[in-house]
Amino acid sequence: FWLKPLPSGDVCSARWVGGCQMRPAKSVADYLFTAIVPCFIGQLILAVPAHGLVDCSGATSCAERRRDECNPLGFVPDACGDCLLGFFGGGGPTNAYCLSNRSCAALYPGMEECPLPGAEGVYARPQLPLVLPFGQCICDSGDGLRWPTAPGSCAHVIMAAEGSGYYSLERCSSTTCEPETCTLLTSWAPISDSAALRFDCRQTGSDAAILVDDCAAVVGRTPDSAFCGHPGLVDSTLQIAAEYVLRCELAPRCPANVMLDNLEQTCCLGTEQSFLPDGTQAPGFCYTPPISGSLIGRPVLVEILSARGFFDADAELQGNSDPYCQGGLLGKSATQFTTRVVDDSQEPLFNAEYIMADGPEANDVFEFRCWDRDFGIVDNLLGEALAPAALWAENGFDGELRLNQTRGTEAFLRIRISLVGASDPNDCAVRTLAPGWQGCACLAPTGFPRDGRVCTAACTLPDCGTDGSRIPPTPEEWRTSAIPVTYYGQARSVRVSRALRNAPVALATLASGVATFATLFCRP
């Protein structure tokens, strides 16, 4: 049976009347004692004088707190009820906020702080945390790749003791996080006074830990597979990746045009002897088609690369300027980003970048300002420049902007505004070797493997099986024609013959070098 609210106007239709909420009933008896009887009692209670009810007139927005409304038949005035279905928090009556079903904790191994990248940011490699979706038991497999400071351990974040409303982070020795195998690392009190739901970063032994209401603040734009800790392992969650629960498995076998004895070249360029089903030459596994066209409304990469010609704002202190720059869209503070400070330089290299996920509009103008950092006083403006849409809207911009407000000097700022993914297709970064694994891990500009672009050529990891027999097969969309056996033989023989031809020359050079060394340093 499914219990349904009664028609509007009936005393039993209110959510707070015992048992009248929508939920499955196990039996007729369950229906009777959880719906009919409570509703009958509720009618009797409503018949008592009004001064016997709890005052809910001053209750805060319970929906904002993700809780049931204040119960006039309860015992605490102006207090919300239990968390709504799918949210996490202590039981009512209380006005504490409940966490969303996308909440999680993050453990930063060996760190003293919690460097959250935000929803649009990307981690630096040493900062990757162990991500713990609420209520999920997450484990390190024993190799320390995911939790270097606690290899083989598991952890989870759960509600603390019944009724306390606290959130507990626990370390466990069992892979299912059974309560008797877990010890408390830290806990966080529920939040009642702020919808921001910001929890403190806590030190837990040699690690740092934080609790967030949305895992996006922890994961950001970092590729899911990066959290597996090994370039040969990929996240297999596919469409359910929104759960933020990693399922790390060995990357599929590389296509035929990737050669084990020449990975660096064939991962990027492929070979001339391997073809696609339509007969065209197969591109390299890491090849990325260039992206071009209008930047309006599309994800844009903004880079502040370098500057030259800054005036010396610190001349009186017998030093050079300590410049940094800011960039973004004029009048849109959410798009602003800041470079690092380059100490004592009038021609600094910044190499700072920012991904504008929503993309600029047709009438947007980019603004750039550079400053000299000063301690204790206001920073000095070194120059500023604008980049209107006519400069970058169609195919982006890569060049120098002449700065204004430079106190009479000629100063320039080099910037690049381009579509995300519009880099030169000939620029190929790939990692081909890791413990127990060889293959192609095609790298994004962030240094992390690109999603869907990791393959295995050979491995000795436990999941590989004997002689690689358990390597997942090559996906159909990756397949290329096999390379002729004669090509392997010819390429190998050419390298060997060249090595043999050069061997006497190399030996003679080595002998000459030894003789020279003896003449110079071994005299009696």
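Visitor: Why is Asn351 called exposed?

Guide: The relative accessibility of Asn351 is 57%, so Asn351 counts as exposed; buried means under 20% relative accessible area, exposed over 50%, and partly exposed in between, with a 1.4 Å probe and protein chains only. Asn351 is found in strand E14 (residues 349-356), and has a positive phi of about 50° although it is not a glycine. Helices (H or I, at least four residues) and strands (E, at least two) are DSSP runs numbered from the N terminus.

Visitor: On what basis do these values rest?

Guide: The model is predicted: local features need pLDDT of at least 70 and side-chain atom pairs count only at pLDDT 80 or more, while totals for chains, interfaces and linings use all residues. Residues are numbered from 1 along each chain as its sequence is written, and side-chain values use heavy atoms, with hydrogens and water left out.

Visitor: What makes Asp78 partly exposed?

Guide: Asp78 has 25% relative accessibility and therefore counts as partly exposed. Asp78 also has a positive phi, of about 55°, although it is not a glycine.

Visitor: Why is the pair of Phe134 and Tyr167 called edge-to-face?

Guide: Rings of Phe, Tyr and Trp (its six-membered ring) pair if their centres lie within 6.5 Å; planes under 30 degrees apart count as stacked, over 60 as edge-to-face and the rest as tilted. The ring centres of Phe134 and Tyr167 are 6.0 Å apart and the planes stand at 85°, so this pair is edge-to-face. The partners are 33 residues apart, with Phe134 in the loop between strand E2 (130-133) and strand E3 (138-139) and Tyr167 in strand E5 (residues 167-172).

Visitor: How do you know that Phe134 is buried?

Guide: Phe134 has a relative accessible area of 12% and is therefore buried. Tyr167, at 1% relative accessibility, counts as buried.

Visitor: What makes Phe285 and Trp478 an edge-to-face pair?

Guide: Their ring centres lie 4.9 Å apart and their planes are at 80°, so the pair is edge-to-face. Phe285 and Trp478 are 193 residues apart, and the pair links distant parts of the chain. Phe285 counts as buried at 5% relative accessibility, and Trp478 counts as buried at 11%.

Visitor: Which charged residue lies over the face of Phe285?

Guide: Arg453 does, at 4.7 Å from the ring centre; a charge sits over a ring if NZ of Lys or CZ of Arg is within 6 Å of the ring centre and within 35 degrees of the ring normal.
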